[in-house]
Amino acid sequence: MKVLLKGIAKVLRGCWKLLSFARQLFFNLIFLALVGVIIFIFQQGSDEPVLPEKAALVLDLDGPIVEKRSYVNPFDQVVDSALGQVPVQENVLFDVVDTVRAATKDENITGLILNLKGMPETNLTKLRYIAKAIEEFKQAGKPVYAVGDHYRQSQYYLASYADKVFLSPDGGVLLTGYGSYSLYYKSLLEKLDVTTHVFRVGTYKSFVEPYTRDNMSDAAREANTAWLNQMWQAYTQDVARNRQIDASVLTPDVPDLVEALKGVQGDFARLSQKMGLVDELVSRTQLRQQFIKEFGSDGDHGFNQISYYDYLPTVTSPFGPSKNGIAVVVASGAIVDGQQGQGSIGGDTTAAQLREARLDDHIKAVILRVDSPGGSAFASEVIRNEVDALKLAGKPVVVSMSSLAASGGYWISSSASEIIAQPTTITGSIGIFGILATFEKGLENMGVYSDGVGTTPFAGIGITRGLPDDVAQVFQLGIENGYQRFISLVSENRHLSLEETDKIAQGRVWTGQDALKLGLVDRLGDFDDAIVSAAKLAKLDDYDLRWIDIPLSPLEQFMQEMTSEASAAIGQVVASQVPSVFQPALKQITTDISGLNQLNDPKGQYAFCLNCSSTGL
């Protein structure tokens, strides 16, 4: 009895300690939240940056270019850092363009310096929109210079628009071209005794291939080769025109490159200058002196300059206030069912944003900006229904396609009043699929069996049991019905016959310029063209843009900023335990798995383009 009482007392003490810990954690979280709100309020009330009278704007972008800023969950940030991913800040595409355009008209900004070493690889479509603003800056008679120790492909694309490109004597220009590569898990899944059940329609619907094959299919290889070549041709032609060189210089054969390198004793910087990619090889000290002569001294061994991040807060909207508004709804990311935060397209969330624009009497037209590889077919239809409702309310909807508007991204675009794509937009991929992995073989090998009774053949369906053939047939018929629904929508809204639609569908990916020829889009243009078109369709002479978005709360902003440094530190410790040679593969596998986990269509039907989302174009 005494021993029993001691045991009970030990359990109670443990429960009390747990309760005390939970209480302290709860109050500490409240305290941190209050501190975050106070810090945010003080930040909001801080003075605006002081601008020098005359200075060069330094476009020192550090972090990815995005359509809209996403909220990164602190826990996810820690996990990402553990896999070697350094927390980064995001740069909204429209902020970058508006800032350069504001500097174009600002008499105090006397030049533009592209210092892009912190900008990662970026989709060509987004780069072209930024390049358009840089061209406008040049046309205003102001000089543009590019500086860099090394230029990666996307960095060099924007640098090629400069009047003069400077390179470090120990640097170089790295142009790797475009590619579409994935990891394939068929043999691994077989070794793990995982059975993959695939239901799809479309010869080119390649999302499921990594789980059913060990290599890319011939159909996928054919389609991917076609649009990748078009993308690379667009890149090389732009750069060649800017640098006034032959486009073939940018794609040398390896033997020719080796001979050229031998001619300069392996000096990549000298070779870059010899090929006409850069104008001068200068050290940082020499460059600083040149800019002091150009822009004047700041009195502290530097030249008069202002960072993009300091200039950005001073930029105001180029559109004046008006009683007529053109709403902008940005649909960026994978399409998933339900309410979702920033970083993905929630069917209910995006539909609510479109509905808000429909119910606002001051909104006369809507621009739906799409940058998505697709996702849930059900969520896509929820969004498209709101597009139809806007049109019925007499409010035109113009879709502005960014980098991607494929599969579900095309589904939500299909019934718009007008669809505008850029030549390098990736679109189409009109197809649908479903996928289910079951583990009955692996469980049986371990001596675990599933058995029981149910009132219908569907009662026991799950990952622990095999899928009966007749049940699989039911799923396949559902997928085929979803495909017919998809191509019927395209046929009706794009004024194509079902036969024509089916021929250009089949899950095949098209560039914007091909999509125009096929009738999938109305014309080629960028976001600026979409604004003009929306105003024209709504018959507006006076209007302003109104961005309908879900802003981060002060607490979310604080938590995101507070955890960035801590997560980076934790990530470095964890990542150091994983051999560096395995980290890229681990990162890719984690991305693929998380992509599958994100799929939540209630009927298990997806319109998603795998190759579109894995290219980084």
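Which residue in S4 is the bridge partner of Val58? The partner is Ile113. The model is predicted.

## The sheet

Strand S1 covers residues 55-59, and strand S4 covers residues 109-115. The two run in the parallel sense and are joined over five bridges. S1 also pairs with S11, again in the parallel sense, over three bridges. There, Ala56 stands opposite Gln305 in S11.

Now widen the view. Six strands make up an open sheet, and the pairing is parallel. Their order is S10-S7-S5-S4-S1-S11. Strand S10 (280-281) and strand S11 (305-307) stand at the edges. Each has a single partner strand, so one side of each is left without a neighbour in the sheet.

S1 is well covered. Five of its five residues are buried, so S1 is largely enclosed by the rest of the structure. Helix H3 (residues 93-105) packs on the sheet and touches S1 and S4. The direction of H3 makes about 165° with that of S1.

In a regular strand, side chains alternate between the two faces of the sheet.

## A buried serine

Next comes a loop. Ser160 lies between helix H5 (153-159) and strand S7 (164-167). Is Ser160 buried or exposed? Ser160 counts as buried, because its relative accessibility is 1% and the cut-off for buried is under 20%.

Leaving aside residues up to four places away in sequence, Ser160 touches Val239, Asn242 and Arg243. Gln244 is 84 residues from Ser160 in sequence. In space, the two are 10.0 Å apart, C-alpha to C-alpha.

## Salt bridges

Side chains of opposite charge can pair when their charged atoms come close. How many salt bridges does the count come to? The count comes to 24 salt bridges. Three of them are set out here.

| Pair | N to O distance |
|---|---|
| Lys138 and Glu135 | 3.5 Å |
| Asp149 and Arg284 | 2.4 Å |
| Glu386 and Arg355 | 3.1 Å |

Take Lys138 and Glu135. They sit three residues apart in helix H4 (residues 124-139), so about one helical turn separates them. Lys138 is partly exposed, at 25% relative accessibility. Glu135 is partly exposed too, with a relative accessible area of 25%.

Asp149 lies in the loop between strand S5 (144-147) and strand S6 (150-151), while Arg284 lies in helix H11 (residues 284-295). The pair therefore ties together parts that are 135 residues apart in sequence. Asp149 is partly exposed, with a relative accessible area of 24%. Arg284 is exposed, at 53%.

Glu386 and Arg355 join two helices. Glu386 is in helix H14 (residues 377-392), and Arg355 is in helix H13 (residues 347-359). Glu386 is buried, with a relative accessible area of 11%. Arg355 is partly exposed, at 33%.

Salt bridges can also join up. Arg101, Lys132, Glu136, Asp526 and Asp528 are linked in a network of salt bridges.

## Aromatic pairs

Tyr308 is buried, with a relative accessible area of 1%. Tyr309 is partly exposed, at 24%.

Trp411 and Phe486 form another pair. Is this pair stacked, tilted or edge-to-face? The ring centres lie 4.5 Å apart and the planes meet at 35°, so the pair is tilted. This pair links distant parts of the chain. Trp411 is in helix H15 (residues 408-411), Phe486 is in helix H17 (residues 469-494), and they are 75 residues apart. Both Trp411 and Phe486 are buried.

Ring pairs also build a cluster. Its members are Tyr145, Phe166, Phe291, Phe295 and Phe303.

Technical notes:
Residues are numbered from 1 along each chain as its sequence is written. This is a predicted model: local features need pLDDT of at least 70, side-chain atom pairs count only at pLDDT 80 or more; totals for chains, interfaces and linings use all residues. Side-chain values use heavy atoms; hydrogens and water are left out. Buried means under 20% relative accessible area, exposed over 50%, partly exposed in between (1.4 Å probe, protein chains only). Rings of Phe, Tyr and Trp (its six-membered ring) pair if their centres lie within 6.5 Å; planes under 30 degrees apart count as stacked, over 60 as edge-to-face and the rest as tilted. Helices (H or I, at least four residues) and strands (E, at least two) are DSSP runs, numbered from the N terminus. A salt bridge is a side-chain nitrogen of Lys or Arg within 4 Å of a carboxyl oxygen of Asp or Glu. Two strands pair if DSSP finds at least two bridges between them. Contact means heavy atoms within 4.5 Å. Axes are lines fitted to C-alpha atoms, for helices over the stretch in contact, and angles run from 0 to 180 degrees between N-to-C directions.
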